[in-house]
Amino acid sequence: MEESELIKQAQSGNKKALEQLVKNYENTVYNFSFKICRDKERAENTMQETFLSLLKNINQFKGDSKLSTWLYTVVSNHCLMMFRNAPRHAHSSLDDEDLFNDESKLTDWTISPVMLTENKELKEILDKSIANLAPDYRIIFLLRDVEGLSTEETAGITNLSIAAVKSRLHRARAFLRNELNKSLKYE
Amino acid sequence: MNKPEIACKDVMEHICENLGEELESPKCNAIKAHLNSCTNCQNYFKTIEDTIQFYKNYNVQLSENAHQRLMEILGLNQ
């Protein structure tokens, strides 16, 4: 059944249709939540809150945007609120001078992305590196580069201008690359 | 017409901004030419691409227990 039809049926109280919508998106929502939080318990909590919000607001969903976009928006807002309420974590600098002026470190890496599967040490490096990136930059990087959304969709979800999304993305990429470079470069 | 002078720093900024997008302007062509002959920038470009790919490849699977808990909370468990 088409998604628009599933949504219509869910709006008229069909529990099977609602269940199918949840099943279609639970992994996406859980994964995206985990990628922001880097914590399975928080990711599960965010996923539950997101689908509770879907249940509560499904009748207001007009289909002007994709359901996935609506879900990404709820997850992003929920995670940003969680970060704001959590004890302050000192995030590293995103100034141009720090990000782009270290030509001495332009070396190749010892490990490639295909080696990620079941490599616990590498996963810890990835978790630690992205945890140092400010959450509002992290969300832009994840939406654009990891989830593959367009700049326009990302701007809509985060309520930022296109220029602000591009600027944050470009800094987030450089920051993460520099963080990984500390652990992965050839000595 | 003279080719624009390009430094590694320009390339880094531009690549970060436009990775995956069309590079057609004179500045972009100069960047491509620079990139072809600069090992530093080639390494930088490759490591930016790898950074994205690392995070794309890092996925987690929702456990059956977490799925059941979700369905219960939503009142959708049959």
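Is A:Phe141 buried or exposed, and at what relative accessibility? A:Phe141 counts as buried, because its relative accessibility is 0%. One note before going on: the model is predicted.

Over all chains, the count of aromatic pairs comes to three. One of them joins A:Phe32 and A:Tyr72, with 4.9 Å from centre to centre and 90° between the planes, and this pair is edge-to-face. A:Phe32 belongs to helix 2 of chain A, residues 15-37, while A:Tyr72 belongs to helix 4 of chain A, residues 67-85. The pair therefore ties together parts that are 40 residues apart in sequence. A:Phe32 and A:Tyr72 are both buried.

Now back to A:Phe141, which pairs with B:Tyr55. The ring centres are 5.7 Å apart and the planes are at 90°, so this pair is edge-to-face; the angle cut-off for that class is over 60 degrees. Here the pair crosses between chains. On one side is A:Phe141, in helix 7 of chain A, residues 135-146. B:Tyr55 has 1% relative accessibility, so B:Tyr55 counts as buried.

Next, the charges over rings. A:Arg38 has its charged end over the ring of B:Tyr58, at 4.8 Å from the ring centre. That contact goes from a residue of chain A to a residue of chain B. In chain A, the charged end of A:Arg168 sits over the ring of A:Tyr137, and the distance to the ring centre is 5.3 Å.

Conventions
Residues numbered from 1 in each chain as written. Chains lettered and ligands numbered in written order. Predicted model: local features only at pLDDT ≥ 70, side-chain atom pairs only at ≥ 80, totals over all residues. Heavy atoms only, no water. Phe/Tyr/Trp six-rings, centres within 6.5 Å; stacked < 30°, edge-to-face > 60°. Helix = DSSP H or I, 4+ residues; strand = E, 2+ residues; numbered from the N terminus. Buried < 20%, exposed > 50% of the residue type's maximum accessible area, 1.4 Å probe, protein only. Lys NZ or Arg CZ within 6 Å of the ring centre and 35° of its normal.
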